[in-house]
Amino acid sequence: QARLVESGGGFVQAGDSLSLSCQGSGRAFGNLGMGWFRQAPGEEREFVAGISWIGLSTFYIDSVKGRFSISKDNAKNALYLEMNNLKPEETAVYYCAAGDNYYHCPSYVCREDSAYDIWGQGTLVTVSS
């Protein structure tokens, strides 16, 4: 069974940095587009960052641009998200996702959750004021 498992979440203070990892298993994820989403309590899940299958293209939402960095290591079947200068409003459960329905997306980086069909269970990031 194809699986994605996030790790690296935790409790940090505003301004701190945190790195998240997403480990794939059960199949190769190197040929899939991948992305990070987050969902705060009582809020809808939102796209945060995405990366094309080969890792040449990335896209970030404006609020995290310049602070977050998404990367992947296809040989290790892993996805990463480096988050710097975290803000309290970014407290959320962070999910990694993968999918092969990316050909229609700009530079093969999809921003809609419908483009992804394999999801991790999420890892909680709590940012205090």
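Me: Why does Thr123 count as buried?

Reply: Keep in mind that this is a predicted model. Thr123 has 11% relative accessibility, and buried means under 20%, so Thr123 gets that label. You'll find Thr123 in strand S11.

Me: What does Thr123 touch?

Reply: Leaving out residues up to four places away in sequence, Thr123 touches Glu6, Ser7, Gly8, Gly9, Leu20, Ala92, Val93 and Tyr94.

Me: Which residues have the most contacts inside the largest nonpolar core?

Reply: Those are Trp36, Phe68, Leu81, Met83 and Tyr94, in a core of 36 residues. Strands S3, S4, S5, S7, S8, S9 and S11 each bring at least two residues to this core. The largest share, five residues, is from S9.

Me: Why is Trp53 called partly exposed?

Reply: Its relative accessibility is 35%. Buried is under 20% and exposed is over 50%, so Trp53 sits in between and counts as partly exposed. Look for Trp53 in the loop between strand S5 (46-51) and strand S6 (58-60).

Me: What kind of surface patch does Trp53 form with Ile54 and Leu56?

Reply: A nonpolar one, and the three together have about 340 Å² of accessible area. Patch residues need over 30% relative accessible area, so Trp53 passes that cut-off with its 35%.

Conventions:
Residues are numbered from 1 along each chain as its sequence is written. This is a predicted model: local features need pLDDT of at least 70, side-chain atom pairs count only at pLDDT 80 or more; totals for chains, interfaces and linings use all residues. Side-chain values use heavy atoms; hydrogens and water are left out. Patches are made of residues with over 30% relative accessible area and no salt bridge: like charges are joined within 9 Å, nonpolar side chains (Val, Leu, Ile, Met, Phe, Trp, Tyr) within 5 Å. Accessible areas come from the Shrake-Rupley method with a 1.4 Å probe; for residues, only the protein chains shown count as cover. A salt bridge is a side-chain nitrogen of Lys or Arg within 4 Å of a carboxyl oxygen of Asp or Glu. Helices (H or I, at least four residues) and strands (E, at least two) are DSSP runs, numbered from the N terminus. Buried means under 20% relative accessible area, exposed over 50%, partly exposed in between (1.4 Å probe, protein chains only). A nonpolar core is a set of buried Ala, Val, Leu, Ile, Met, Phe, Trp, Tyr and Cys residues joined through side-chain atoms within 4.5 Å. Contact means heavy atoms within 4.5 Å.
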